[in-house]
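I opened the model to look up its metal site, its ligand site, its core and a few single residues. The entries follow in the order in which I made them.

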Amino acid sequence: MDCIFCDIIEGKSEAEILYQNEKIISFLDIRPVNYGHALVIPKKHYENFLSVSVDEFEYLLKAMQFIAAAVKTGVNADGFNLIVNNGKAAGQTIFHFHFHIIPRYSNDFKFKPEFKKYSDGAMKEFANKIRSEINKQKDSFNG
Ligand code: 5GP
Ligand code: ZN
């Protein structure tokens, strides 16, 4: 199966990984709506929300709360959107189930987001800020 997310999970493609364990992985989206835009993904390949197992989904939600808090604090956002696109018509382009965590700032945009490009070194800088929050909290998450 041709799946870029499976390639990242298997270490065949690079990504700015924020956190991973045996079940899930989180890394920065390469085309961020806002800097720090992160993806959270089950390591097992499910096509979309409807096919993901409930057990996996429950675990994923727990991870989402953990990583969304780290993203919000790490990049000093005022809020964040959680988005799941399901199906091509809904904007899904990678057919491996994933959540988007999009940091939001007051008056950043209304309905139409503009994609940004990381300048040299900025992607790592944002990832480091988020990783630092994850490192502070990961014992309580694992426990
Ligand atoms: P979807 O449109 O399926 O909800 O979201 C897929 C997301 O994956 C897009 O926001 C896109 O920018 C991101 N993406 C696609 N290919 C790659 C990649 O190779 N690396 C990373 N980090 N993100 C990717
Ligand atoms: Zn996959």
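**Notebook: sites, core and loops**

I began with His45, which counts as partly exposed because its relative accessibility is 26% (buried means under 20% relative accessible area, exposed over 50%, partly exposed in between, with a 1.4 Å probe and protein chains only). His96 has 0% relative accessibility and therefore counts as buried.

Ground rules, noted before going on. The model is predicted, so I keep in mind that local features need pLDDT of at least 70 and side-chain atom pairs count only at pLDDT 80 or more, while totals for chains, interfaces and linings use all residues. Residues are numbered from 1 along each chain as its sequence is written, chains are lettered from A and ligands numbered from 1 in the order in which they are written, and side-chain values use heavy atoms, with hydrogens and water left out.

**Zinc site**

Which protein residues are donors of the zinc ion (ligand 2)? I find Cys3 (SG), Cys6 (SG), His45 (ND1) and His96 (ND1), lying 2.1 to 2.3 Å from the ion. Donors here are N, O and S atoms within 2.8 Å of the metal (3.2 Å for Na, K and Ca); water is not among the atoms, so sites may look incomplete.

The spacing of these donor residues in sequence reads C-x2-C-x38-H-x50-H. The histidine pair links distant parts of the chain, 51 residues apart. His45 is in the loop between strand S3 (38–42) and helix H2 (54–74), and His96 is in the loop between strand S4 (79–83) and strand S5 (99–104). Helices (H or I, at least four residues) and strands (E, at least two) are DSSP runs, numbered from the N terminus.

**Ligand 1**

I count 16 residues surrounding ligand 1, and the closest are Leu28, Asp29, Gly91, Thr93 and His100. The criterion is a heavy atom of the residue within 4 Å of the molecule.

I then checked its oxygen atoms for N or O partners. A polar backbone atom of Gly91 is 2.8 Å from an oxygen atom of ligand 1. For Ile94, a backbone N or O atom lies 2.9 Å from an oxygen atom of ligand 1. His100 uses its side chain: an N or O atom there is 2.8 Å from an oxygen atom of ligand 1.

How much of ligand 1 does the protein bury? Taken alone, ligand 1 exposes 520 Å², and the protein buries 84% of that. The areas come from the Shrake-Rupley method with a 1.4 Å probe; for residues, only the protein chains shown count as cover.

**Core**

Next I looked up the largest nonpolar core, which has 30 residues. Such a core is a set of buried Ala, Val, Leu, Ile, Met, Phe, Trp, Tyr and Cys residues joined through side-chain atoms within 4.5 Å. Ile67, Ile101 and Ile130 have the most contacts inside this core. At least two of its residues come from each of strand S1 (17–20), strand S2 (24–28), S3, H2, S5 and helix H3 (122–142). H2 supplies the largest share, ten residues.

**Single residues**

Glu16 is in the loop between helix H1 (4–9) and S1. Its relative accessible area is 13%, so Glu16 is buried. The Glu16 side chain makes a polar contact with the side chain of Lys124 at 3.5 Å (a pair of N or O atoms within 3.5 Å; within protein, one must be able to donate a hydrogen and the other to accept it, and residues adjacent in sequence count only if both atoms are side-chain atoms).

Most residues other than glycine have a negative phi. I noted Asn76, in the loop between H2 and S4, with a positive phi near 55°. Asn76 is exposed, at 62% relative accessible area. I also noted Asn107, in the loop between S5 and H3, with a positive phi near 60°. Asn107 is exposed, at 74%.

**Pairs across the chain**

Arg104 is in strand S5 and is buried, at 18% relative accessible area. Arg104 and Phe80 are 24 residues apart in sequence, with 4.7 Å between their C-alpha atoms.

Ser132 is in helix H3 and is partly exposed, at 34%. Between Ser132 and Gly74 I read 7.5 Å, C-alpha to C-alpha, for 58 residues in sequence.
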